[in-house]
Amino acid sequence: MLAAILIILVVIIAAVLIYAATRPNDFVVSRSASIRAPAEAIFPLINDFKHWPSWSPFEKLDPDMKRTLSGVESGKGAAYAWEGNSKAGAGRMEITNAVPSSLVSLKLDFERPFRANNTVDFTLTPSGDGTTVTWAMRGGRPFIAKLMGLFMNFDSLIGKDFEAGLDNLKRATER
């Protein structure tokens, strides 16, 4: 009886591990918002890390977070490193491309609570009387992330933060 239970348990665990291994190797989380403001008013808030505390939801995870700005002041080559509590973690991001009023691309490297190397794009597209801002993050999914993804929805977890950030950008720029 015990042997049969153990065999069933091993088969279930093996099935879960095999299924996790078949999940996609990459992920994309993306959210968009329509903001009634010109791209020229939104772009500087994204393109200059000094402005991020005014809108990024991640800035509020640790009031005592250590922040270090380096490189150029804004645009390509500007860098931002942070080290905070267990919620904020630690990492570094650098602007790798900036096209005035239309695109800001970042290289995002997390050190903790887990290591990850992702890319982030903020795309600003004129739309009617305003701008559609899309915040997208892409990266690889190692096996452990695939396994965790069977039990938690990464898109929902990160997506809600992107939505909050886009709402903050909206409040900061709409008149």
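Visitor: What share of the contacts in the protein with a separation of 6 or more comes from residues 24 or more positions apart?

Guide: Before we start, this is a predicted model, where local features need pLDDT of at least 70, side-chain atom pairs count only at pLDDT 80 or more, and totals for chains, interfaces and linings use all residues. Residues are numbered from 1 along each chain as its sequence is written, and side-chain values use heavy atoms, with hydrogens and water left out. Contact means heavy atoms within 4.5 Å. Among the contacts with a separation of 6 or more, the share from residues 24 or more positions apart is 53%.

Visitor: Which residues touch the most other members of the largest nonpolar core?

Guide: In soluble globular proteins, nonpolar side chains tend to be buried together. Buried means under 20% relative accessible area, exposed over 50%, and partly exposed in between (1.4 Å probe, protein chains only). A nonpolar core is a set of buried Ala, Val, Leu, Ile, Met, Phe, Trp, Tyr and Cys residues joined through side-chain atoms within 4.5 Å. In the largest one, with 35 residues, the members that touch the most others are Ile 46, Leu 106 and Phe 122.

Visitor: Which element gives the largest share of this core?

Guide: Elements that give two or more residues to the core include strand E1 (26–35), helix H2 (39–47) and strand E5 (103–112). The buried residues of H2, among them Ile 42, Phe 43 and Ile 46, pack against E1, E4, E5, E6, E7 and H4. The largest share of the core, 5 residues, comes from H2.

Visitor: Is Ser 105 buried or exposed?

Guide: Ser 105 sits in strand E5. Leaving aside neighbours within four places in sequence, its contacts include Glu 94, Ile 95 and Val 120. With a relative accessible area of 9%, Ser 105 is buried.

Visitor: Which side chain is joined to that of Ser 105 by a polar contact of 2.5 Å?

Guide: A polar contact is a pair of N or O atoms within 3.5 Å; within protein, one must be able to donate a hydrogen and the other to accept it, and residues adjacent in sequence count only if both atoms are side-chain atoms. The 2.5 Å contact of Ser 105 is between side chains, and the partner is Asp 121.

Visitor: Why does Glu 174 count as buried?

Guide: Glu 174 is found in the segment after helix H4 (154–173). Leaving aside neighbours within four places in sequence, Glu 174 is in contact with Ser 34, Ile 35, Arg 36 and Ala 37. A polar atom of its side chain lies 2.8 Å from the backbone nitrogen of Arg 36. Glu 174 counts as buried because its relative accessibility is 19%.

Visitor: Which residue has a positive phi although it is not a glycine?

Guide: Look in the loop between E4 and E5, where Ser 101 lies. This serine is buried, with a relative accessible area of 17%. The residue with a positive phi, about 60 degrees, is Ser 101.

Visitor: Which two residues does a cis peptide bond join?

Guide: Go to the loop between E5 and E6, the place of Pro 113. There omega is about 15 degrees, and the cis peptide bond joins Arg 112 and Pro 113.

Technical notes:
Helix = DSSP H or I, 4+ residues; strand = E, 2+ residues; numbered from the N terminus.
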